[in-house]
Amino acid sequence: MDSVRSPEWPVAPLGGVVGNSAAGRYAVPGTGPIIGRAGPPPPPYQPPSGAGAPPPVGKPAAPPIPVKILVAGGFGVGKTTTVGAISEIAPLTTEAEMTSAGIGVDDPGVRSTKTTTTVAMDFGCVTIDRSLKLYLFGTPGQARFGFMWDDLARGALGALVVVDSARLDDCFPAIDFFERAGLPFVVGVNAFDGRLALELGEIRWALAIGDHVPLVQFDARDRLSVRDALLVVLDRALERATRERQA
């Protein structure tokens, strides 16, 4: 992992109103159809049989296995909101007020009312069952904090790359980083305003990612939606671990 280069971030376009709060980027629910998900939602996740069974009498329960997952992506795509929606503890955030010095440098998009930004990382955790606990690390999205990605990625088993379908170019550095690092990742398209700017098939083509990379739509504000996206990341990590064990 030490040899992996930090992401090469594109220069943000000049202009654009600086502003914050992922919640402010969303319209009132019901303003439009959600594109990209056809049919009824998937059934709720069920832990493996026996996963929630109590330990034998007289034998202390084994602590859950810690699994480190990254929540990455460009600036203002909903990473902090994603971690906060699923974390079972009050998430640790390193939010700082944005100033006029960021105008033309940090561009969250014209729809954003973002006024703060992550300057180090976000942290949260969620227990899947008695045997598994996820520790979530949200990466900073600005180019000047790209040097931190190598340290945050050390020890991670997978990553969720959060994407804004209206600003796909902002996620290229994150995808390039995980491809170079060889870390399993899932692309999660955050449905801002309750809809996507493009179909999922069009997004896959634009990002030039293969069919082996899962592409899912989710809502960063919704706990169950974030859970489903993270379970896909776990499936990818488990698939890779099984493949390496058999090799």
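Two strands are taken to pair if DSSP finds at least two bridges between them, and strands (E, at least two residues) and helices (H or I, at least four) are themselves DSSP runs, numbered from the N terminus. By that reading, strand β1 is joined to strand β5 (residues 132–138) by seven bridges, and the two run parallel. The model is a predicted one, in which local features need pLDDT of at least 70 and side-chain atom pairs count only at pLDDT 80 or more, while totals for chains, interfaces and linings use all residues. Residues are numbered from 1 along each chain as its sequence is written, and side-chain values use heavy atoms, with hydrogens and water left out.

The protein comprises five helices and eight strands, which follow one another from the N terminus as β-α-β-β-β-β-α-β-α-β-α-β-α. Of its 247 residues, 47% count as buried, where buried means under 20% relative accessible area with a 1.4 Å probe and protein chains only.

**The sheet**

An open sheet of six strands has the order β4-β5-β1-β6-β7-β8, with mixed pairing. Because β4 (122–129) and β8 (215–218) stand at the edges with a single partner strand each, one side of each is left without a neighbour in the sheet. Neighbouring strands are turned by 25° against each other on average, direction ignored; the axes behind such angles are lines fitted to C-alpha atoms, for helices over the stretch in contact, and angles run from 0 to 180 degrees between N-to-C directions. Helix α4 packs on this sheet, touching β7 and β8, and its direction makes about 130° with that of β8.

Seven of the nine residues of β1 are buried, so this strand is largely enclosed by the rest of the structure.

| Partner of β1 | Bridges | Direction | Example of facing residues |
|---|---|---|---|
| β5 | seven bridges | parallel | L70 opposite F137 |
| β6 | five bridges | parallel | G73 with V162 |

In helix α3 (residues 172–181), the buried residues are P173, A174, I175, F177 and F178. They pack against β1 (65–73), α2 (149–153), β6 (158–164), β7 (185–190) and α4 (200–207), a contact being heavy atoms within 4.5 Å. Just after α3, G182 takes a positive phi of about 70°.

A nonpolar core is a set of buried Ala, Val, Leu, Ile, Met, Phe, Trp, Tyr and Cys residues joined through side-chain atoms within 4.5 Å. The largest one has 29 residues, and those with the most contacts inside it are L70, I175, F178, F185, V187 and L207. Two or more residues each are given to this core by β1, α2, β6, α3, β7 and α4, and the largest share, four residues, comes from α3. Apart from this core lies another, of 23 residues, among them L136, L160, F218 and L230.

**Helices α1 and α5**

Helix α1 (residues 79–86) packs against helix α5 (residues 223–246) at an angle of about 100°, with their axes 8 Å apart. That angle makes α1 roughly perpendicular to α5, a term that covers 65 to 115 degrees. The contact is made by T82, A85 and I86 of α1 together with R223, V226, R227 and L230 of α5.

How values were computed: Buried means under 20% relative accessible area, exposed over 50%, partly exposed in between (1.4 Å probe, protein chains only). Angles under 35 degrees count as roughly parallel, over 145 as roughly antiparallel, 65 to 115 as roughly perpendicular and the rest as oblique.
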